[in-house]
Amino acid sequence: MPTVFITGGAGFIGSALIRLLITASDWRIVNIDKLTYAGNLASLAAAGRDPRHVFCHHDICDRPALDALFAEHHPDGIIHLAAESHVDRSIHGPGDFVQTNVVGTYTLLEAARAYWSGLDAAARNAFRFHHVSTDEVFGSLGPCGRFDETTAYDPRSPYSASKAAADHLVRAWQHTYGLPTLITNCSNNYGPYQFPEKLIPLMIGNALAGKPLPIYGQGDNVRDWLYVDDHARALQLVFERGRPGETYCIGGGNEKTNLQVIDTVRDLLDRQSPRDADRRYAELKTFVADRPGHDQRYAIDAGKIQRELGWRPLETFASGIAKTVAWYLDNSDWVAQVQSGAYRNWLERNYAQR
Ligand code: NAD
Ligand code: TYD
């Protein structure tokens with residue numbers, strides 16, 4: 001059975017990818033995850049209990065552990081998602097971002113290269129190292145234009161700088177050593193199982209708790225939103241059919257200001273879970289100090305992956321955000337669970353005992 005290593009498979013996008021691959025592929029999945037605050041095995045749902053899913057609790061900075069996993073499982077490729085991923089945390093504590101995103105990617109590249117060098121010619125050709133990155137490496141746009149695969153790198157936050165560094169390392173390993181790499185740069189994701197510190201789940205959770213909805217600056221920053229399952233389908237396509245050495249930009253073509261996003265969320269909540277008759281969620285909107293160095297606008301031209309691999313998003317923003325709000329309303333237990341470290345430890349012990 002073909003085997004793929006997925007790093008960060010207990011996170012938001014990694015778990016969506018594993019749920020997809022368990023239903024829509026034959027891959028045996030070795031999920032390598034350190035289970036930071038953002039990693040939760042509960043997000044894998046039934047896919048986590050499938051015999052084709054093997055969970056390995058490791059840090060991607062741990063070279064001996066990685067070497068042992070390569071020797072034991074003989075993977076045909078890697079999809080690398082493990083990262084520190086929240087811009088605000090990177091501003092307050094950049095060290096973890098350099099460690100996991102830069103040193104961790106370097107360590108994984110070196111472990112992969114050592115293993116790949118020992119394969120026969122056919123297996124070396126077929127092997128893929130797919131690095132999952134962000135559009136934030138390209139910096140910030142003014143009112144016009146979109147990022148594509150030719151856009152120069154211009155990262156501005158500790159998070160995006162650490163992801164840009166990792167992208168450069170991956171390209172260098174391809175040019176220097178011939179490792180067959182793929183890079184994808186995707187726009188902002190949203191959907192079920194997103195940790196409730198990112199904009200959309202934070203707004204849903206705060207609104208339901210009657211807490212303020214904090215809007216940085218004027219709320220006019222623009223993000224290009226993509227439903228997470230559409231990203232997962234794009235990752236599967238690029239991993240299985242992308243051309244080694246290439247980069248693919250992925251985006252939903254859904255540019256929204258933060259105020260538009262927040263107003264859409266509170267409209268849906270007013271309909272799906274109304275407050276008392278005389279109180280609306282809009283009252284909770286609160287303008288707060290801006291994020292330092294806040295990028296103004298991101299937008300992706302996804303023409304290359306559409307032309308070469310036939311990928312198209314299946315969700316519009318309207319359909320995806322309605323599903324997302326409904327999911328958070330139905331899954332308040334998951335939110336409570338992932339915010340509780342005690343639960344995560346319990347779950348990990350139970351997985352280890354299986
Ligand atoms: P996430 O924060 O939800 O999940 C990250 C996962 O990585 C967690 O399960 C965590 O436990 C694991 N992890 C962190 N450090 C680790 C380490 N040292 N060793 C092993 N595992 C570790 O992130 P996400 O939103 O799912 O993002 C996944 C990837 O996609 C990241 O590389 C991110 O840069 C990229 N990306 C995210 C978005 C987005 O909108 N969320 C958009 C484009 C690209
Ligand atoms: P976020 O979800 O952190 O993603 P990123 O910074 O990677 O784009 O934030 C999305 C946008 O929402 C960004 O412009 C910052 C803004 N934002 C707020 O206005 N308030 C908040 O509480 C958060 C978390 C984000």
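Trainee: What makes a residue a contact of isoleucine 305, and which residues are these?

Mentor: Contact means heavy atoms within 4.5 Å. With neighbours within four places in sequence left aside, Ile305 has contacts with Ala234, Val238, Tyr248, Cys249, Ile250, Gly310 and Trp311. Keep in mind that this is a predicted model: local features need pLDDT of at least 70, side-chain atom pairs count only at pLDDT 80 or more, and totals for chains, interfaces and linings use all residues. Residues are numbered from 1 along each chain as its sequence is written, chains are lettered from A and ligands numbered from 1 in the order in which they are written, and side-chain values use heavy atoms, with hydrogens and water left out.

Trainee: What makes a set of residues a nonpolar core, and which members touch the most others in the largest one?

Mentor: The set must be buried Ala, Val, Leu, Ile, Met, Phe, Trp, Tyr and Cys residues joined through side-chain atoms within 4.5 Å. Buried means under 20% relative accessible area, exposed over 50%, and partly exposed in between, with a 1.4 Å probe and protein chains only. The largest core has 46 residues, and Ile6 and Ile305 touch the most other members. Among the elements that each supply at least two residues are strand S1 (3-7), helix H1 (12-24) and helix H10 (303-309). H1 gives the largest share, eight residues. A second, separate core of 27 residues includes Tyr37, Met203, Ile321 and Val335. In soluble globular proteins, nonpolar side chains tend to be buried together.

Trainee: What makes a stretch a helix or a strand, and how many of each does the chain have?

Mentor: Both are DSSP runs numbered from the N terminus: helices are H or I with at least four residues, strands are E with at least two. By that rule the chain has 13 helices and 13 strands.

Trainee: Let's look at one helix. Which residues of H7 are buried, and what do they pack against?

Mentor: In H7 (residues 199-208), the buried ones are Ile200, Pro201, Met203, Ile204, Asn206 and Ala207. They pack against strand S7 (189-190), strand S8 (213-216), helix H9 (258-272) and helix H11 (317-330).

Trainee: Why is serine 162 called buried?

Mentor: Its relative accessibility is 3%, under the cut-off, so serine 162 counts as buried. Serine 162 sits in helix H6 (residues 158-177) and, beyond residues up to four places away in sequence, touches Phe97, Asn101 and Val102.

Trainee: How do you know that the radius of gyration agrees with a compact globule?

Mentor: The radius is taken over C-alpha atoms, and the globule rule is 2.2 Å times the number of residues to the power 0.38. For 354 residues that rule gives a value near 20 Å, and the chain has 20 Å, so the two agree.
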